[in-house]
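This report describes a ligand site and a few residues elsewhere in the chain. Please look at the model before reading on.

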Amino acid sequence: MVRASDIGTAVIGTGFIGTVHIEALRRLGVHVVGILEDTPEHGAARAAELAIPHAYGSLEELLADDRVQAVHVTSPNRLHHRQVREILAGGRHVICEKPLAMTSAESAELVALAASAGVVSAVNFNIRFYPLNQHLAREIEAGALGDVRLVTGHYLQDWLALETDWNWRLEPEIGGALRAVGDIGSHFLDLVTFLSGQRVVSVMADLATFIPVRREPRGPVLTFSTERAADTVAREIRTEDAATIMLRFENGARGAVAISQVSHGRKNSLRYEIDGSAAAAAWDSEQPDRLWIGHRERANEELLRNPALMNPAGRAASHLPGGHVEGFGDTFPAHFAAIYADIAAGGPSERPAYATFADGHDEMLVGDAIAESARSGRWVTVARGAGRPAAEAGAIPTTEGGHA
Ligand code: SOE
C-alpha cells in the first residue's frame, strides 16, 4: 500500500501560492524533494529559506530526478503549457495552478496529453475543498435544494485597487488575455459548477478597466505585496479590473456574478447563493466555517462546520473539530490528500472530487465565451466539443469604468 509519505514531489515556483503548496505537502507528509525557480540562484536562496533539500537548475534536471513522481506548477500562467507538456512527457503526475493555460487551444492539448500519459492531472481549484463546499456538493447532488434555479454571487478583492499596485497578472503576455476573470472568476465558475453539478452553457459578459494606467515598480513584486516602490514607470493596462457576467446553466438555471480585484475592503471574498426549488444555500469564503441554509416554510439554518454533522465528503475535507475554524491554507492539504490518494492508487479515480485537466480546460472554454461576449456585446454559447479552438490570447475590449 503506497502512502502519501512514500511519494516524492517537486514544486515549480515559490511565490505566495507556491509556498502554500509546499506547506500543505509537508502537512501530508509528502516528501518535497526539491524546487525550481526562475533562476538557479533564486532557487538556491528560496530552498534555504524553506528548508528544502535541493534547488534544481532547470526543468530538465528536475525531470531527471527519479525520486520525483509528481510536480506542482505554480509559475506564472505563460509558463504552464510548456512546463506541463514536459512534465507529462516525463510521465509524472501534475498539479497545475489555475488557469491551466493561456488559451483553450493550449489547455485542450494538455488534456489530451494527460489522458495518453495515464497520470493524475489536477488544476488547483482549491476552493472546492473548504469542507462545507465538499459537504454541500453532495447534499445538492442528493436533492437537498431541489432543482437548482438561480446562482448568484461575487468574487471581490482589493489588492489591485490602487494605481501603484502591480503584478505580473496585469500583463496579458504573462497572465493571459483575461486577468480578473482568469485569475479569480475561474474559481467562482468552477466552484458553482462543482456545487450545482451544472455546467455554464452561455454567458453575457461586460469587462471594465477602471485603472487604465498603473505605476510599475522597477524590480519583482510578489502577489498581494503591499510594498510601495519609489522608482516606478507608467504602464497602460489592457486587462480587466472587474467583470459583470450573466450565466445560463445546462439545466436552465440562471446566474449572475461580479468579479473584481479593485473592491476596497474585500480582501479575498468569494460569496455564492444557490437557490433551488426546495431550499437555498449561501457561503462566504471570509467566514468559511458557516453555511447558511434558507427555507420558505421553516426557520432558516446555519451549519457551523462540524465533522460530526457533515456527510462523508465534508468530513474527509475537515481536519479539526467544530469551532476550530479552518481556512484558506487548510483547503490545500484537503485538496492534495484527494489528489495524492489517486497518485498512491496509481492513477485517476472514476469521479475525482478535485478539478481535473478536463475541468480546467472547460473553464478556459467558458473564458473564451466571456471574452467573445465582451467583444460582441451579445450572449455567447460556450463552444464545447469540436468547436473552433480558442481565439489567440490578445487584447479584449474593455471599456474604461465610469462611462460607456
Ligand atoms: C490572487 O488573485 C490570488 O492569489 C489567486 O491567484 C488565487 O487563485 C486565489 O485563491 C487568491 O488570490
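A polar contact is a pair of N or O atoms within 3.5 Å; within protein, one atom must be able to donate a hydrogen and the other to accept it, and residues adjacent in sequence count only if both atoms are side-chain atoms. The model is predicted, so local features need pLDDT of at least 70 and side-chain atom pairs count only at pLDDT 80 or more, while totals for chains, interfaces and linings use all residues. Residues are numbered from 1 along each chain as its sequence is written, and side-chain values use heavy atoms, with hydrogens and water left out.

**The ligand site**

The ligand is surrounded by 13 residues, where a residue counts as near if one of its heavy atoms lies within 4 Å. The closest are Lys98, Gln157, Arg169, Asp183 and His187. The table gives the distance from an oxygen atom of the ligand to an N or O atom in the side chain of three of these residues.

| Residue | Distance to a ligand oxygen atom |
|---|---|
| Lys98 | 2.9 Å |
| Gln157 | 3.0 Å |
| Arg169 | 3.3 Å |

On its own, the ligand has 310 Å² of accessible area, and the protein covers 97% of that. Accessible areas come from the Shrake-Rupley method with a 1.4 Å probe; for residues, only the protein chains shown count as cover.

By class, the shell holds six nonpolar, four polar and three charged residues. Here Ala, Val, Leu, Ile, Met, Phe, Trp, Tyr, Cys and Pro count as nonpolar, Asp, Glu, Lys and Arg as charged, and the others, Gly among them, as polar. Helix 8 (residues 180-196) supplies the largest share of the shell, three residues. Helices (H or I, at least four residues) and strands (E, at least two) are DSSP runs, numbered from the N terminus.

Is Asp165 buried or exposed? Asp165 is buried, because its relative accessible area is 6% and buried means under 20%, exposed over 50%, and partly exposed in between (1.4 Å probe, protein chains only). Asp165 sits in the loop between strand 7 (148-156) and helix 7 (172-175). Its side chain reaches the backbone nitrogen of Ala161 at 3.1 Å.

Thr226 lies in the loop between strand 9 and strand 10. Thr226 counts as exposed because its relative accessibility is 65%. From Thr226 to Glu372 there are 146 residues in sequence and 34 Å in space, C-alpha to C-alpha.
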